[in-house]
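Morning, everyone. Please take a look at the structure on the screen, and then we'll walk through a few side chains.

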Amino acid sequence: MLSENIKVFRKSKGLSQQELAVKLNVVRQTVSKWEQGLSVPDSDLLLALSAALETPVSALLGETAAVQEADDLKAICEKLEVINLQLARRKAATRRMLHWLFLLACAAVAVMLALLLALGSPYLGWDFGDPETAVAGTLFHAFEWLFVRLAPLLLICAGFGAFLTRKEM
């Protein structure tokens, strides 16, 4: 894949990410993202990258063709389009997963609040003279006290996260 090839060719030339970034007039984080497969260079940067690494573009894209043809630019664009499509699919899957996790967090907070309301602080009637029930009652009260104060914040944050990660039309 392109990300692995960039890293291999950069290291074979003895360049650090920073040195390659300076040659390409980009920041080091951009080179890092390319090597991690989080983004891909556009066609102009891919040509500059090829020149900086003294490697044919086809080798960066994983081809072993020795002879370059007139439609190399078109082939490069098609390969970049495929890579961008793969990145978009990965990003959409991550967004969907986060959306469902936020919804699950909202449901969990709502269920816990309903459960605490239904129980109605049962520890208030316990015998705190017994050490076991005193510890259990204190822990239950501490949990209830903390949860009641944090639940609204958790619910708002999870709801906002679910809103931000909803499917875009």
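A search of the whole structure finds one aromatic pair. Phe143 and Phe147 form it, and the pair is stacked: 5.7 Å centre to centre, with 25 degrees between the planes. The rule: rings of Phe, Tyr and Trp (its six-membered ring) pair if their centres lie within 6.5 Å; planes under 30 degrees apart are stacked, over 60 edge-to-face, the rest tilted.

This is a predicted model: local features need pLDDT of at least 70, side-chain atom pairs pLDDT 80 or more, while totals for chains, interfaces and linings use all residues. Numbering runs from 1 along each chain as its sequence is written, and side-chain values use heavy atoms, leaving out hydrogens and water.

Back to the pair. Phe143 and Phe147 both lie in helix H7, four residues apart, about one turn of the helix. Helices are DSSP runs (H or I, at least four residues), numbered from the N terminus.

Is Phe147 buried or exposed? Phe147 is buried, because its relative accessible area is 12%. Phe143 counts as partly exposed, at 38%. Buried means under 20% relative accessible area, exposed over 50%, partly exposed in between (1.4 Å probe, protein chains only).

Leu146 is also found in helix H7, residues 131-164. Leu146 is partly exposed, at 45% relative accessibility.

Now His99, in helix H6, residues 72-119. His99 counts as buried, at 17%. What does His99 touch, not counting residues up to four places away in sequence? Ala162, Thr165 and Arg166. Contact means heavy atoms within 4.5 Å.

How values were computed
Helix = DSSP H or I, 4+ residues; strand = E, 2+ residues; numbered from the N terminus.
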